[in-house]
Amino acid sequence: MTLVAVTKTVGAAAVHAAYAAGVRDVGENTVQEAARKRLDVSEPVRWHLIGHLQRNKVKALEAFDLFHALDSARLADAVDAWARGAARTMSVLVQVNVSGEASKGGWSLAALPLEAERLRTRSGLAVRGVMTMAPFDADTRTLRACFAGARYAREILRDAGHPAEELSMGMSQDFEIAVEEGATLVRLGTTLFGARH
Ligand SMILES: *Cc1c(COP(=O)(O)O)cnc(C)c1O
């Protein structure tokens, strides 16, 4: 299991401190903030983009090792086109919306099998797994169901032939349950750096 230290809103000093404590993976939710912060970070960390990306900014992915928030077919096609144009592949996680909340992006479990097939033909993408966000303030049972749904989504991707090993799930308020449900990447901000202001 890998800890992704979420450094959004905290400065580069937080990255230095996390690195000194053994953290090697850092998550940001916007490409703008990540680009600014990287200027002050020389440690060889892996950068994760964990937030939504606009289609006109896909080129910014060149600075990231893993994109967690592939949340629509149109974005997938834009990332694929950019990656192929750059003669590379981009490692991505498919975001799934297990709970069906309207405020969250990503595919439903019902829609995923068809999209998993479609993504097979997008050679610029390496689909490494699934990312999900659980509902805020959900009870334990709901959280478990949500994370189990993400695990099932990873099976759907594997069955379609993707190299899907990762399960990015768990934030400060729910990571213990996410780990019990098989998370391979947990994304922690508040727990590591305190409340954001
Ligand atoms: C901010 C953020 C996190 C970390 O949230 P905390 O509750 O501070 O741990 C994790 N994942 C995503 C997608 C985020 O935007």
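**Ligand site in the predicted model**

A polar side-chain atom of Thr-190 is placed 2.6 Å from an oxygen atom of the ligand. The structure is a predicted model, and the distances and areas reported here are computed from it. In Lys-8, an N or O atom of the side chain is 2.7 Å from a ligand oxygen atom. In Arg-187, a polar side-chain atom lies 2.8 Å from a nitrogen atom of the ligand. The ligand taken alone exposes 390 Å², of which 91% is buried by the protein.

Lys-8, Arg-187 and Thr-190 belong to the set of residues around the ligand, which also includes Val-6, Ile-50, Met-133, Met-171, Ser-172, Leu-188, Gly-189 and Arg-196. Sorted by class, this shell consists of 5 nonpolar, 3 polar and 3 charged residues.

The ligand is located in the largest pocket of the model. The space in this pocket amounts to about 320 Å³. Its lining is formed by 21 residues, and those closest to the pocket centre are Lys-8, Ile-50, Met-133, Met-171 and Arg-187. By class, the lining of the largest pocket comprises 6 nonpolar, 10 polar and 5 charged residues.

Methods:
Residues are numbered from 1 along each chain as its sequence is written. This is a predicted model: local features need pLDDT of at least 70, side-chain atom pairs count only at pLDDT 80 or more; totals for chains, interfaces and linings use all residues. Side-chain values use heavy atoms; hydrogens and water are left out. A residue is near a molecule or strand if one of its heavy atoms lies within 4 Å of it. A polar contact is a pair of N or O atoms within 3.5 Å; within protein, one must be able to donate a hydrogen and the other to accept it, and residues adjacent in sequence count only if both atoms are side-chain atoms. Accessible areas come from the Shrake-Rupley method with a 1.4 Å probe; for residues, only the protein chains shown count as cover. On a 1 Å grid over the protein atoms alone, a cavity is a set of points where a 1.4 Å probe fits but cannot get out, and a pocket is an open set with protein on both sides within 12 Å along at least five of seven lines; lining residues have an atom within 4 Å of a point. A molecule sits in a cavity or pocket if more than half of its atoms lie within 2 Å of its grid points. Ala, Val, Leu, Ile, Met, Phe, Trp, Tyr, Cys and Pro count as nonpolar, Asp, Glu, Lys and Arg as charged, and the others, Gly among them, as polar. Grid points are joined across faces, edges and corners, and a volume is the space filled by probe spheres set on the points.
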